[in-house]
Amino acid sequence: MKAVLVGVGQAGGKLTTALAEFDADMGFGAVTDALAVNTAAADLDPLPLETVLVGQSRVNGHGVGGDNELGAEVMREDSVEVLDALAPKLTAEVEAVFVVAGLGGGTGSGGAPVLLNELQQVYDVPVYALGVLPGRNEGALYQVNAGRSLKTVVREADAAILLDNDAWRSAGESVESGYAAVNEAMAKRVGLVLAAGEAVEGVGESVVDTSEVINTLRGGGIAAVGFASAPAAEDPGENINVVTSTTRKAVTSGMSLPNATTADAALLAVAGDPDRIPRKGAEKARSWLQEKTGSMQVRGGDFPLDSDRLASLVLLGGVERSDRVEAFLERARQAVRDEAEEKPDPASAFDNDQLEDLL
């Protein structure tokens with residue numbers, strides 16, 4: 001899938017950088033270009049990407065301080081500048097645009113939905129969101145921002161792939177190293193999804209391509225992506241359990257949104273040397289995935305790579321009913337309730353029905 005990435009906010013810019021670098025290092029050529037957009041100049045300066053600083057007349061390059069309403073306003077005011085920077089990047093070969101953002105910060109949570117809406121009005125290719133949910137310890141403001149933003153992002157995007165920060169940060173890990181681990185894990189997962197059908201090694205029996213990814217996400221809503229790998233024998237007959245076990249691990253412990261197992265659609269790509277991929281193993285893994293997710297739309301195929309390992313890449317579409325999403329929504333609701341105890345009239349700042357409507 002040929003894609004252009006647009007990182008919005010600090011977390012969005014860093015994750016966009018990680019995705020672009022993963023694609024370049026692997027030589028896939030799926031990421032055709034990338035752009036970072038922010039209200040804080042200091043967050044843009046270290047990024048090795050083309051950047052656009054928005055909201056200069058309002059915040060003078062100092063960021064919006066977690067105020068996602070202000071983040072939305074400045075993106076709306078300066079959207080033409082962002083679209084102008086994107087226009088030469090969106091060539092005829094581009095098959096999708098990904099707006100990447102942390103949903104807890106002010107610029108990302110407020111600006112990403114506005115940009116998604118603008119892009120949908122201008123371009124015919126799918127416009128997806130890649131959103132990062134704040135961890136449970138990141139503060140009430142981040143929970144409220146993400147709760148506000150999530151519903152709008154899901155409405156505006158053709159589909160929203162979510163990453164839960166708590167899934168990848170280890171106990172005792174510093175904030176900086178924790179976010180680096182999150183970006184690395186997500187870059188591998190989403191980077192491989194984007195690489196489907198691109199510059200891969202060898203010829204598989206049934207190679208996953210862009211249309212399979214788009215069709216898996218066609219239903220919209222929330223999506224998640226999982227990954228797991230293991231060493232493989234040269235004889236494909238010895239790798240049946242390898243494929244089935246990595247598929248189970250990708251879903252049960254390797255998803256970007258843990259416990260997101262009930263899905264409307266699913267895609268399984270078995271990556272590795274085509275001569276080592278067992279047909280029987282791939283078929284058994286797809287059958288297990290269909291039973292696990294409850295979906296009758298389980299697509300599958302090969303992802304040829306020059307490797308002595310086999311990996312399972314799982315993309316799930318329509319996971320709104322998952323326990324992890326509901327747990328986050330309840331966390332956001334609780335943050336609103338806590339805020340209500342401190343403010344006389346919180347209803348004007350946040351409407352609980354917005355969260356209910358998502359489900």
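Author: Rings of Phe, Tyr and Trp (its six-membered ring) are taken to pair if their centres lie within 6.5 Å, and planes under 30 degrees apart count as stacked, over 60 as edge-to-face and the rest as tilted. The model here is predicted, so local features need pLDDT of at least 70 and side-chain atom pairs count only at pLDDT 80 or more, while totals for chains, interfaces and linings use all residues. Residues are numbered from 1 along each chain as its sequence is written, and side-chain values use heavy atoms, with hydrogens and water left out.

Reader: How many aromatic pairs does this rule give, and which residues do ring pairs link into a cluster?

Author: A pair of aromatic rings is described by the distance of the centres and the angle of the planes. The count comes to three aromatic pairs by this rule; one of them, Phe 28 with Phe 303, is edge-to-face, at 5.9 Å centre to centre and 65° between the planes. This pair links distant parts of the chain, 275 residues apart, since Phe 28 lies in the loop between helix H1 (9-26) and strand E2 (31-38) and Phe 303 in strand E9 (residues 298-304); helices (H or I, at least four residues) and strands (E, at least two) are DSSP runs, numbered from the N terminus. Ring pairs link Phe 22, Phe 28 and Phe 303 into a cluster.

Reader: Are Phe 28 and Phe 303 buried or exposed?

Author: Buried means under 20% relative accessible area, exposed over 50%, and partly exposed in between (1.4 Å probe, protein chains only). Both Phe 28 and Phe 303 are buried. Val 243, in helix H10 (residues 240-252), is buried because its relative accessible area is 1%, whereas Lys 280 is exposed because its value is 54%.
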